[in-house]
Amino acid sequence: PMKVQAFFKENFSAMTKEQIAEGPMPMFQSSTFSFGRVKAGSRIDVVYNYTNTGKSSFVCHKVDTEGNIKEILTPETRAGGKGKISMTLDTSLMSKGDQLLRITLTTNSPSRPVINLYIAGIIE
């Protein structure tokens with residue numbers, strides 16, 4: 001079997017500097033969520049807090065994940081507002097040892113069209 005994957009993001013190349021400056025700008029408190037040490041089979045609630053320091057609403061169009069991540073919530077955040085991206089990590093199908101998972105957000109921010117977040121920890 002053949003597996004085909006594609007990645008699409010908005011094309012901001014025709015925007016002026018002024019238009020880009022008027023766009024959303026998500027600033028995350030941290031790009032890595034560390035869950036420390038957990039027993040295999042644990043469910044971990046993961047939250048990334050951010051502030052939209054831009055001048056228009058921030059929208060996450062798509063979330064790509066590694067691992068067994070479920071229940072992803074990505075609400076729209078108005079300019080100047082605070083938001084959070086929440087998800088649940090199920091460790092039951094993950095191998096024991098050090099873990100580093102990447103979450104890739106595709107957004108409407110011309111300054112940050114793609115944002116990578118990480119989940120790190122150790123499964124015992």
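Contact here means heavy atoms within 4.5 Å. This is a predicted model, in which local features need pLDDT of at least 70, side-chain atom pairs count only at pLDDT 80 or more, and totals for chains, interfaces and linings use all residues. Residues are numbered from 1 along each chain as its sequence is written, and side-chain values use heavy atoms, with hydrogens and water left out.

**View 1. Leu105 and its contacts.** Setting aside neighbours within four places in sequence, Leu105 is in contact with Phe28, Cys60, Lys62, Val63, Ile85, Pro113, Val114, Ile115 and Leu117.

**View 2. The open sheet S1-S3-S6-S5.** Here four strands (DSSP E runs of at least two residues, numbered from the N terminus) form an open sheet with antiparallel pairing. Two strands count as paired if DSSP finds at least two bridges between them. Strands S1 (26–28) and S5 (69–73) each have a single partner strand, so one side of each is left without a neighbour in the sheet. From one strand to the next, the twist averages 30° (axes are lines fitted to C-alpha atoms, and angles run from 0 to 180 degrees between N-to-C directions). Look along S5 and S6 (residues 82–90) for three bridges in the antiparallel sense; Ile69 stands opposite Leu89 in S6.

**View 3. The open sheet S2-S8-S7-S4.** This sheet also has four strands, with mixed pairing. Its edges are S2 (32–38) and S4 (60–65), and each has a single partner strand, so one side of each lacks a neighbour in the sheet. The twist averages 20° from one strand to the next. S2 and S8 (residues 114–123) run parallel and are joined by five bridges, and Ser34 can be found opposite Ala120 in S8.

View 4. A nonpolar core is a set of buried Ala, Val, Leu, Ile, Met, Phe, Trp, Tyr and Cys residues joined through side-chain atoms within 4.5 Å, where buried means under 20% relative accessible area with a 1.4 Å probe, protein chains only.

**View 5. Stepping back to the chain.** One helix (a DSSP run of H or I, at least four residues) and eight strands make up the secondary structure, in the order α-β-β-β-β-β-β-β-β from the N terminus. Of the 124 residues, 36% count as buried.

Technical notes:
Buried means under 20% relative accessible area, exposed over 50%, partly exposed in between (1.4 Å probe, protein chains only).
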